[in-house]
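Welcome! Please take a look at the structure below, and then read on for a short tour of some of its local features.

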Amino acid sequence: MSAKPILIIVDPQNDFIEGGSLAVSGAQKAMLKLSDYLSTRLNLFDRIFVTQDFHPEDHCSFTEQGGTWPKHCIRETFGAEVFKPLKAVLDKCSNVEYCKKGQSKDRDQYSVFDIQNGEITNEDGKKIYDYIKSCDKFDVFITGIAGDVCVLNTIKDLSQLIGTKPIFVFKNYTASLDGGQKLEDYCNENSIDIF
Ligand SMILES: [Zn+2]
(Lines give C-alpha, C1' and ligand atoms only; values in the text may rest on other atoms or scores of the structure.)
Protein backbone atom coordinates (compact mmCIF):
# COMPACT_ATOMS: atom_id res chain seq x y z
CA MET A 1 0.00 0.00 0.00
CA SER A 2 1.33 3.42 -0.88
CA ALA A 3 1.67 6.17 1.69
CA LYS A 4 -1.24 8.56 2.04
CA PRO A 5 -0.20 12.16 1.43
CA ILE A 6 -1.51 14.54 4.07
CA LEU A 7 -1.05 18.32 3.88
CA ILE A 8 -0.93 20.71 6.82
CA ILE A 9 -1.21 24.40 5.91
CA VAL A 10 -0.20 26.50 8.89
CA ASP A 11 -2.02 29.81 9.53
CA PRO A 12 -2.73 31.10 5.99
CA GLN A 13 -4.61 34.01 7.56
CA ASN A 14 -5.14 37.62 6.53
CA ASP A 15 -3.29 39.11 9.49
CA PHE A 16 -0.08 37.29 8.50
CA ILE A 17 -0.29 38.47 4.91
CA GLU A 18 0.75 41.88 3.51
CA GLY A 19 -1.76 44.45 4.78
CA GLY A 20 -2.45 42.44 7.96
CA SER A 21 -1.46 43.42 11.50
CA LEU A 22 1.40 40.91 11.72
CA ALA A 23 2.33 40.66 8.07
CA VAL A 24 5.18 38.41 6.96
CA SER A 25 7.05 39.64 3.92
CA GLY A 26 6.42 37.42 0.90
CA ALA A 27 3.35 35.77 2.45
CA GLN A 28 0.94 36.88 -0.24
CA LYS A 29 3.18 35.58 -3.00
CA ALA A 30 3.68 32.27 -1.18
CA MET A 31 -0.07 31.82 -0.59
CA LEU A 32 -0.91 32.66 -4.21
CA LYS A 33 1.65 30.09 -5.36
CA LEU A 34 0.16 27.53 -2.97
CA SER A 35 -3.35 28.29 -4.25
CA ASP A 36 -2.16 27.84 -7.79
CA TYR A 37 -0.39 24.57 -6.96
CA LEU A 38 -3.45 23.14 -5.19
CA SER A 39 -5.90 24.24 -7.86
CA THR A 40 -4.59 21.63 -10.28
CA ARG A 41 -4.07 18.95 -7.62
CA LEU A 42 -7.32 18.93 -5.73
CA ASN A 43 -7.28 15.18 -5.27
CA LEU A 44 -3.60 14.71 -4.64
CA PHE A 45 -3.89 14.91 -0.86
CA ASP A 46 -5.85 12.41 1.11
CA ARG A 47 -6.63 15.06 3.71
CA ILE A 48 -5.77 18.75 4.06
CA PHE A 49 -5.62 20.33 7.52
CA VAL A 50 -5.59 24.12 7.76
CA THR A 51 -4.57 25.57 11.11
CA GLN A 52 -5.78 28.95 12.30
CA ASP A 53 -4.58 31.19 15.09
CA PHE A 54 -7.85 32.10 16.79
CA HIS A 55 -7.27 34.46 19.67
CA PRO A 56 -9.54 36.23 22.14
CA GLU A 57 -9.35 40.05 22.15
CA ASP A 58 -7.04 40.09 25.20
CA HIS A 59 -4.74 37.17 24.33
CA CYS A 60 -1.50 36.85 26.30
CA SER A 61 0.68 36.97 23.17
CA PHE A 62 -0.31 40.59 22.45
CA THR A 63 2.07 43.41 23.44
CA GLU A 64 -0.77 45.11 25.37
CA GLN A 65 -0.93 42.02 27.57
CA GLY A 66 2.85 41.91 27.94
CA GLY A 67 3.39 39.49 25.06
CA THR A 68 5.59 39.56 21.96
CA TRP A 69 3.23 40.30 19.09
CA PRO A 70 0.87 43.03 17.93
CA LYS A 71 -2.82 42.12 18.10
CA HIS A 72 -3.56 39.53 15.42
CA CYS A 73 -6.00 36.84 14.36
CA ILE A 74 -8.75 37.79 16.78
CA ARG A 75 -11.46 35.17 16.36
CA GLU A 76 -14.41 36.03 14.13
CA THR A 77 -12.57 38.97 12.52
CA PHE A 78 -11.27 39.41 8.98
CA GLY A 79 -7.69 39.08 10.21
CA ALA A 80 -8.35 35.53 11.42
CA GLU A 81 -9.96 34.44 8.16
CA VAL A 82 -8.15 32.26 5.63
CA PHE A 83 -6.66 34.20 2.68
CA LYS A 84 -9.46 34.39 0.15
CA PRO A 85 -7.79 33.01 -3.02
CA LEU A 86 -6.61 29.97 -1.06
CA LYS A 87 -10.01 29.52 0.60
CA ALA A 88 -11.64 29.55 -2.83
CA VAL A 89 -9.46 26.62 -3.92
CA LEU A 90 -9.93 24.74 -0.64
CA ASP A 91 -13.70 25.15 -0.94
CA LYS A 92 -13.54 22.90 -3.99
CA CYS A 93 -12.02 20.06 -1.97
CA SER A 94 -14.18 17.84 0.18
CA ASN A 95 -11.34 16.67 2.40
CA VAL A 96 -10.34 19.91 4.14
CA GLU A 97 -10.50 20.38 7.89
CA TYR A 98 -9.95 23.65 9.74
CA CYS A 99 -8.17 23.43 13.06
CA LYS A 100 -8.00 26.18 15.67
CA LYS A 101 -5.26 27.09 18.12
CA GLY A 102 -4.42 29.84 20.60
CA GLN A 103 -8.01 30.06 21.75
CA SER A 104 -7.43 30.29 25.45
CA LYS A 105 -6.45 33.70 26.75
CA ASP A 106 -3.54 32.59 28.92
CA ARG A 107 -1.71 30.28 26.57
CA ASP A 108 -0.07 30.79 23.18
CA GLN A 109 0.09 27.87 20.78
CA TYR A 110 2.55 28.23 17.92
CA SER A 111 1.88 24.60 17.06
CA VAL A 112 -1.60 23.14 16.70
CA PHE A 113 -0.38 20.11 18.68
CA ASP A 114 0.95 22.17 21.61
CA ILE A 115 2.86 19.26 23.12
CA GLN A 116 3.58 19.44 26.84
CA ASN A 117 5.38 16.59 28.59
CA GLY A 118 4.94 14.45 25.51
CA GLU A 119 1.16 14.95 25.35
CA ILE A 120 -0.86 16.81 22.74
CA THR A 121 -2.82 19.43 24.66
CA ASN A 122 -4.87 21.06 21.88
CA GLU A 123 -8.08 19.27 20.85
CA ASP A 124 -7.73 20.10 17.15
CA GLY A 125 -4.15 18.86 17.21
CA LYS A 126 -5.38 15.55 18.62
CA LYS A 127 -7.81 15.34 15.73
CA ILE A 128 -4.98 15.69 13.19
CA TYR A 129 -2.80 13.18 15.01
CA ASP A 130 -5.65 10.65 15.27
CA TYR A 131 -6.20 10.92 11.56
CA ILE A 132 -2.50 10.46 10.75
CA LYS A 133 -2.31 7.42 13.00
CA SER A 134 -5.39 5.90 11.37
CA CYS A 135 -3.45 5.68 8.09
CA ASP A 136 -1.25 2.64 7.68
CA LYS A 137 1.37 4.61 5.80
CA PHE A 138 1.50 8.35 5.51
CA ASP A 139 3.60 11.27 4.32
CA VAL A 140 2.90 14.62 5.93
CA PHE A 141 3.64 17.75 3.93
CA ILE A 142 3.84 21.03 5.85
CA THR A 143 3.83 24.63 4.68
CA GLY A 144 2.42 28.03 5.65
CA ILE A 145 3.18 31.12 7.71
CA ALA A 146 5.44 31.97 9.46
CA GLY A 147 8.17 29.51 8.55
CA ASP A 148 10.40 30.39 11.50
CA VAL A 149 7.59 30.51 14.08
CA CYS A 150 4.38 28.50 13.74
CA VAL A 151 5.48 26.29 10.84
CA LEU A 152 8.73 25.42 12.60
CA ASN A 153 6.99 24.66 15.89
CA THR A 154 4.42 22.49 14.13
CA ILE A 155 7.25 20.49 12.54
CA LYS A 156 9.07 20.14 15.86
CA ASP A 157 5.94 18.89 17.63
CA LEU A 158 4.91 16.55 14.84
CA SER A 159 8.38 15.03 14.67
CA GLN A 160 8.05 14.13 18.36
CA LEU A 161 4.89 12.24 17.44
CA ILE A 162 5.79 10.51 14.18
CA GLY A 163 9.53 11.03 13.76
CA THR A 164 11.13 13.15 11.05
CA LYS A 165 11.10 10.61 8.24
CA PRO A 166 7.47 11.04 7.05
CA ILE A 167 7.69 14.85 7.21
CA PHE A 168 8.23 16.96 4.09
CA VAL A 169 8.36 20.73 3.95
CA PHE A 170 7.33 22.91 1.02
CA LYS A 171 9.56 25.95 1.36
CA ASN A 172 8.22 27.68 -1.75
CA TYR A 173 4.80 28.08 -0.17
CA THR A 174 6.21 29.19 3.16
CA ALA A 175 6.92 32.79 4.20
CA SER A 176 9.21 33.49 7.15
CA LEU A 177 10.02 36.56 9.25
CA ASP A 178 13.73 35.71 8.95
CA GLY A 179 13.67 34.92 5.22
CA GLY A 180 13.56 31.17 5.82
CA GLN A 181 16.98 30.45 7.37
CA LYS A 182 15.82 28.94 10.68
CA LEU A 183 13.40 26.59 8.98
CA GLU A 184 15.95 25.47 6.44
CA ASP A 185 18.64 24.94 9.10
CA TYR A 186 16.28 22.92 11.29
CA CYS A 187 15.23 20.70 8.42
CA ASN A 188 18.81 20.14 7.29
CA GLU A 189 20.02 19.36 10.81
CA ASN A 190 17.20 16.85 11.30
CA SER A 191 17.25 15.27 7.84
CA ILE A 192 13.77 16.54 6.99
CA ASP A 193 13.17 16.91 3.26
CA ILE A 194 12.64 20.56 2.39
CA PHE A 195 11.94 21.52 -1.19
ZN1 LIG B 1 -0.98 34.19 17.53
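## The zinc site

Along the sequence, the residues that donate to the zinc ion follow the spacing D-x1-H-x16-H. They are D53 (OD), H55 (NE2) and H72 (NE2), at 2.0 to 2.1 Å from the zinc ion. Donors here are N, O and S atoms within 2.8 Å of the metal (3.2 Å for Na, K and Ca); water is not among the atoms, so sites may look incomplete.

H55 and H72 are 17 residues apart, and both sit in the loop between strand 2 (47-53) and helix 2 (84-90). Helices (H or I, at least four residues) and strands (E, at least two) are DSSP runs, numbered from the N terminus. H55 and H72 are both buried; buried means under 20% relative accessible area, exposed over 50%, and partly exposed in between (1.4 Å probe, protein chains only).

## About the model

This is a predicted model, in which local features need pLDDT of at least 70 and side-chain atom pairs count only at pLDDT 80 or more, while totals for chains, interfaces and linings use all residues. Residues are numbered from 1 along each chain as its sequence is written, and side-chain values use heavy atoms, with hydrogens and water left out.

## Backbone details

Most residues other than glycine have a negative phi, and most peptide bonds are trans. The peptide bond from I145 to A146 is cis, with omega near -20 degrees. A146 belongs to the loop between strand 6 (138-144) and helix 4 (147-162).

N117 has a positive phi, near 50 degrees, and is exposed at 82% relative accessibility. For S191, phi is positive too, near 55 degrees, and this residue is exposed, with a relative accessible area of 62%.
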